[in-house]
Amino acid sequence: MELIREAGFQTTMERVVEPGLAALREEIDMPLAEGGAMHVEVYAPQGAKRAVVILHGYTESGEKFREMAWYFVQAGYCVFVPDHRGHGRSVRAVEDFSITHVDRFGDYVRDLEALMDGVVLPRCGGLPLCLYAHSMGGAIGAMMLMAHPQMFARAVLTAPMIAPSGAPFPGWAARMIAGVMCALGKGNERAFVGRPFDPEKETFERSFATSRARFDYYQSKRVRMQHLQNCSPSYAWVREAFGVTDVLLNREQTAKIQTPLLLCQARQDTVVLLPPQEEFVRQVRGAKLLAFNAKHEIYGSADDVMEPYVEAVLDFLGE
């Protein structure tokens with residue numbers, strides 16, 4: 001697999017990757033039982049030997065993972081990339097595109113279950129099915145592995161949100177404040193020190209990537225496209241995010257996971273806590289941990305990290 005290098009990254013993405021993916025892309029808006037739709041991109045190359053579901057993280061979108069989708073397509077995967085509710089082109093309960101809101105974290109899991117039943121499983125044709133999930137998507141993915149132990153052949157969780165950091169507040173304080181505000185009926189309002197989308201303040205230096213080329217490419221899309229401008233949580237999202245730790249570090253729940261699992265850890269992570277990730281790996285039978293000298297967005301790293309990272313992901317899922 002040839003890595004897309006930082007030198008000439010934008011040119012390669014615009015002239016090779018985006019047209020190549022566009023030629024394969026099918027876009028589906030899958031209706032959800034409670035209203036609205038979940039948007040998903042499907043890439044089905046001829047002769048695919050495996051399938052993979054990509055789950056993006058908080059304030060992201062499936063579109064942010066175009067580079068990773070390209071690697072999977074080149075490696076012979078049928079690729080499914082949904083936007084979680086409140087993100088991208090999927091249904092939103094809050095009109096402000098900069099606010100990321102969910103009533104219950106379980107809604108993400110139920111949406112994914114509906115996607116698997118309605119889109120993924122009918123289209124994979126019995127191919128071995130893999131999971132690649134980042135951050136918040138990693139928490140959603142881990143819950144799916146608990147609820148459906150036989151669904152995925154292999155799984156990679158990359159910088160998963162086993163426990164959010166809560167910065168700038170201690171985790172207990174963030175959870176308490178969010179709970180109080182939700183009880184006051186303000187669950188769908190912007191939380192804490194969140195602010196509207198402002199590209200002047202969302203700089204590369206403040207980002208969770210270490211590759212300026214990769215950061216700039218997606219950031220330019222965010223500036224142009226309102227549906228990519230998620231940047232702050234609602235109080236309900238904060239409450240629910242802290243609640244996932246109770247589930248993901250529950251030994252009765254982790255014992256249900258049977259899928260071979262690799263957790264890719266970002267050693268410079270300030271978004272999620274590292275010790276809970278390590279405890280999660282200890283609790284899941286046979287799970288492996290692989291650490292990278294990266295910030296939270298390992299997939300947004302410089303080439304010297306990105307190359308072994310992509311290789312490790314493809315090697316593990318391809319076993």
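This is a predicted model: local features need pLDDT of at least 70, side-chain atom pairs count only at pLDDT 80 or more; totals for chains, interfaces and linings use all residues.

Biologist: Which residues have the most contacts inside the largest nonpolar core?

Modeller: They are Val53, Phe105, Met116, Leu129, Leu131, Met161 and Phe280, in a core of 60 residues. Helix H3, residues 105-124, gives the most to this core, with nine residues.

Biologist: How many residues does the other core have?

Modeller: That core, which lies apart from the largest one, has 39 residues, and Leu21, Val52, Met68 and Leu314 are among them.

Biologist: Turning to helix H2, which of its residues are buried?

Modeller: The buried residues in H2 are Arg66, Glu67, Met68, Ala69, Trp70, Tyr71, Phe72 and Val73. The helix covers residues 66-74, and because eight of its nine residues are buried, H2 is largely enclosed by the rest of the structure.

Biologist: And what follows H2?

Modeller: Gly76 follows H2, and its phi is positive, near 90 degrees.

Biologist: Another topic: is Arg222 buried or exposed?

Modeller: Arg222 has a relative accessible area of 7%, which is under the 20% cut-off, so Arg222 counts as buried. This residue is found in helix H6, residues 212-224.

Biologist: What is Arg222 in contact with, leaving aside its neighbours within four places in sequence?

Modeller: Arg222 is in contact with Phe197, Glu202, Leu228, Gln229, Asn230 and Cys231.

Biologist: Now the whole chain. How many helices and strands does the chain have?

Modeller: There are 10 helices and 10 strands in the chain. The radius of gyration is 18 Å, close to the 20 Å that the globule rule gives for 319 residues, so the chain is as compact as a globular protein of that length. The C-alpha trace spans about 55 × 45 × 40 Å along its principal axes.

Biologist: What percentage of the residues is buried?

Modeller: Of the 319 residues in the chain, 57% are buried. Among contacts with a separation of 6 or more, 78% are between residues 24 or more positions apart.

Conventions:
Residues are numbered from 1 along each chain as its sequence is written. Side-chain values use heavy atoms; hydrogens and water are left out. Helices (H or I, at least four residues) and strands (E, at least two) are DSSP runs, numbered from the N terminus. The radius of gyration is taken over C-alpha atoms; the globule rule is 2.2 Å times the number of residues to the power 0.38. Buried means under 20% relative accessible area, exposed over 50%, partly exposed in between (1.4 Å probe, protein chains only). Contact means heavy atoms within 4.5 Å. A nonpolar core is a set of buried Ala, Val, Leu, Ile, Met, Phe, Trp, Tyr and Cys residues joined through side-chain atoms within 4.5 Å.
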